[in-house]
Amino acid sequence: MIRTIIIEDEYFGQELLKKHIHKHFPNLLIVGVTGAVDNAIEMIHAQKPDLVLLDIQLMGGTGFDVLKGIRIRNFELIFITAYNQYAIEAIRNDARDYILKPIKIHELETAIKKCVDQIKIKNQNGKENTFTVNTPIGTEYISEDSILY
């Protein structure tokens, strides 16, 4: 399961993201939801998520304030916001994607798939003798033991 935190200040935005995730992404486990900068920082440190869905405008500051407050950042990041003017700053903060509201489900699916692929690669790096191969159906992980020639 991919541990996921939703950081969104609007209740209906939180509920919409939870609904989309439960319906379309059964491999994502929501381990926290908040709309405030301070709570978000604490939640990330405590829960150690694999994926964070982050809004720009939050209670007590911005999504960038959250990122500045993180000691160790070891998660994939998708910004989901109504503001298009922060895209460059999001890229500079290593966001995997930047989705504008209202959310289009195919954009969310594409962004989450990119993150899931990166998380799998990170997890495979710890396993010895495994190769990552991109195929038409997605990324596959092949152990050296299974290769005959």
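This is a predicted model: local features need pLDDT of at least 70, side-chain atom pairs count only at pLDDT 80 or more; totals for chains, interfaces and linings use all residues.
## Salt bridges around K101

At 27% relative accessibility, K101 is partly exposed. K101 forms a salt bridge with D55, and their closest N and O atoms are 3.3 Å apart. The two partners come from distant parts of the chain, 46 residues apart. D55 sits in the loop between β3 (51–54) and β4 (57–58), while K101 sits in the loop between β7 (97–100) and α5 (105–125).

## A pair in helix α1

Across the whole structure, a search finds seven salt bridges. As a reminder, side chains of opposite charge can pair when their charged atoms come close.

One of the bridges joins the side chains of E15 and K18, with an N to O distance of 2.8 Å. Both residues belong to helix α1 (residues 11–24), where they are three residues apart, about one turn of the helix. E15 is partly exposed, at 29% relative accessible area. K18 is partly exposed too, with a relative accessibility of 24%.

## A pair in helix α5

Let's move on to helix α5. Here K113 forms a salt bridge with D117, and the closest N and O atoms lie 3.1 Å apart. Why are K113 and D117 separated by about one helical turn? They are four residues apart in helix α5, which means a separation of about one helical turn.

Which side of the buried cut-off does D117 fall on? At 18% relative accessibility, D117 counts as buried, because the cut-off for buried is under 20%. K113, by contrast, is partly exposed, with 42% relative accessibility.

## The buried residues of helix α2

Which of its residues are buried? They are V37, A40, I41, M43, I44 and H45.

What do these buried residues pack against? On the strand side, their partners are β1 (2–7), β2 (28–34), β3, β4 and β5 (61–62). The buried residues of α2 also pack against a helix, α3 (63–69).

Definitions and conventions: Residues are numbered from 1 along each chain as its sequence is written. Side-chain values use heavy atoms; hydrogens and water are left out. A salt bridge is a side-chain nitrogen of Lys or Arg within 4 Å of a carboxyl oxygen of Asp or Glu. Helices (H or I, at least four residues) and strands (E, at least two) are DSSP runs, numbered from the N terminus. Buried means under 20% relative accessible area, exposed over 50%, partly exposed in between (1.4 Å probe, protein chains only). Contact means heavy atoms within 4.5 Å.
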